[in-house]
Amino acid sequence: MTPQDLVIRMLPPFGGWLALAALALPGGSPLRGAAVAAFLAVGPGAALVGVCGPALRARRAEGPVERRDTDFERHSELLEGLMLAVLLSVAAAMLVATVLIAARAFSGDRVLLTLTLLTTLAAFCPRLRASPTPRTAPGAVPRTRKGSTL
C-alpha cells in the first residue's frame, strides 16, 4: 500500500472525527452543520465502497453502441461510486439511528460517534477481491451442474 492509498483510505474516518470535533462549535455555526452534513452524506458509504471497490470494479461499464463520450467508462464508474457512497451512508445512518432508538439511547451525538467508529473500522478492513471467472482458459470445457443435460 502506497502512502497515497493510505491517505485516500483514511479520508472518510478523518471526516467523521472532524465532524465530531465540530460539535464543540456553537449550535448555529454553519461550519458545524457543514462538517456534520458532509460526513453523514458520504463518509460511511465511502468507507464501505472502499472495502468492496475492487470487487465492484471486476466488471467494466458497457457504453452505448454509439460512442460519443470517449470517457464513458470512467465517468460511469465515478457516478456509480458516488451514488453508492451516498445511498450506503443514508442507509447506515438510518440503521444506526433505528438501533439507538430501539435501545432508548438515541441522540445525534451518539449517532455521529457510532458512524464515525464504524467508518474507522471499515477503513481498516481488508479490501474484497473479485471472484475469479469460472472459465479461465479460452478452450476450457464449461462445467455443468450436477444432473444437467448439457
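# Helix packing and a pocket: worked exercises

Helix H1 (residues 3-22) packs against helix H2 (residues 30-56) at an angle of about 155°, and their axes are 8 Å apart. Keep in mind that this is a predicted model.

**Exercise 1.** Work out how H1 runs relative to H2, and find which residues make the contact.

*Solution.* Start with the angle, which is about 155°. Angles over 145 degrees count as roughly antiparallel, so H1 is roughly antiparallel to H2. Next, the handedness: H1 and H2 cross in a left-handed way. Now look at who touches whom. H1 brings Pro-12, Gly-15, Gly-16, Ala-19 and Ala-22, while H2 brings Arg-32, Ala-35, Val-36, Phe-39, Gly-43, Ala-46 and Ala-47. Sort these by class and you get eight nonpolar, three polar and one charged residues.

**Exercise 2.** Describe how H2 and H4 are placed relative to each other, and sort their contact residues by class.

*Solution.* First, the geometry: the axes of H2 and H4 come within 9 Å and cross at roughly 30°. Angles under 35 degrees count as roughly parallel, so that is what H2 and H4 are to each other. The crossing of H2 with H4 is left-handed. On the H2 side, you'll find Val-36, Phe-39, Leu-40, Gly-43, Pro-44, Ala-47, Leu-48 and Val-51; on the H4 side, they meet Leu-112, Leu-115, Thr-116, Thr-119, Ala-122 and Ala-123. The class tally for this contact is 11 nonpolar, three polar and no charged.

**Exercise 3.** Now try H3 (72-102) with H4 (residues 108-124): find the term for their arrangement and the hand of their crossing.

*Solution.* Begin with the numbers again: H3 and H4 pack at an angle of about 125°, with axes 10 Å apart. An angle of 65 to 115 degrees would count as roughly perpendicular, and one over 145 as roughly antiparallel. Then the hand: H3 passes H4 in a right-handed crossing. The contact takes Ala-92, Ala-93, Val-96, Ala-97 and Leu-100 from H3, plus Arg-110, Val-111, Thr-114, Leu-115 and Leu-118 from H4. By class, that's eight nonpolar, one polar and one charged.

**Exercise 4.** Locate the largest pocket and say which element gives the most to its lining.

*Solution.* The largest pocket has a volume of about 940 Å³. To find its middle, look for Ile-8, Ala-46, Val-49, Gly-50 and Arg-57, the closest to its centre of the 36 lining residues. Three helices, H1, H2 and H3, are the elements that each give two or more residues to the lining. H2 gives the most, with 13 residues. Finally, the class count for the lining is 22 nonpolar, five polar and nine charged.

Terms used
Residues are numbered from 1 along each chain as its sequence is written. This is a predicted model: local features need pLDDT of at least 70, side-chain atom pairs count only at pLDDT 80 or more; totals for chains, interfaces and linings use all residues. Side-chain values use heavy atoms; hydrogens and water are left out. Axes are lines fitted to C-alpha atoms, for helices over the stretch in contact, and angles run from 0 to 180 degrees between N-to-C directions. Helices (H or I, at least four residues) and strands (E, at least two) are DSSP runs, numbered from the N terminus. A crossing is left-handed if the near helix is turned anticlockwise from the far one by less than a right angle, and right-handed if clockwise. Contact means heavy atoms within 4.5 Å. Ala, Val, Leu, Ile, Met, Phe, Trp, Tyr, Cys and Pro count as nonpolar, Asp, Glu, Lys and Arg as charged, and the others, Gly among them, as polar. On a 1 Å grid over the protein atoms alone, a cavity is a set of points where a 1.4 Å probe fits but cannot get out, and a pocket is an open set with protein on both sides within 12 Å along at least five of seven lines; lining residues have an atom within 4 Å of a point. Grid points are joined across faces, edges and corners, and a volume is the space filled by probe spheres set on the points.
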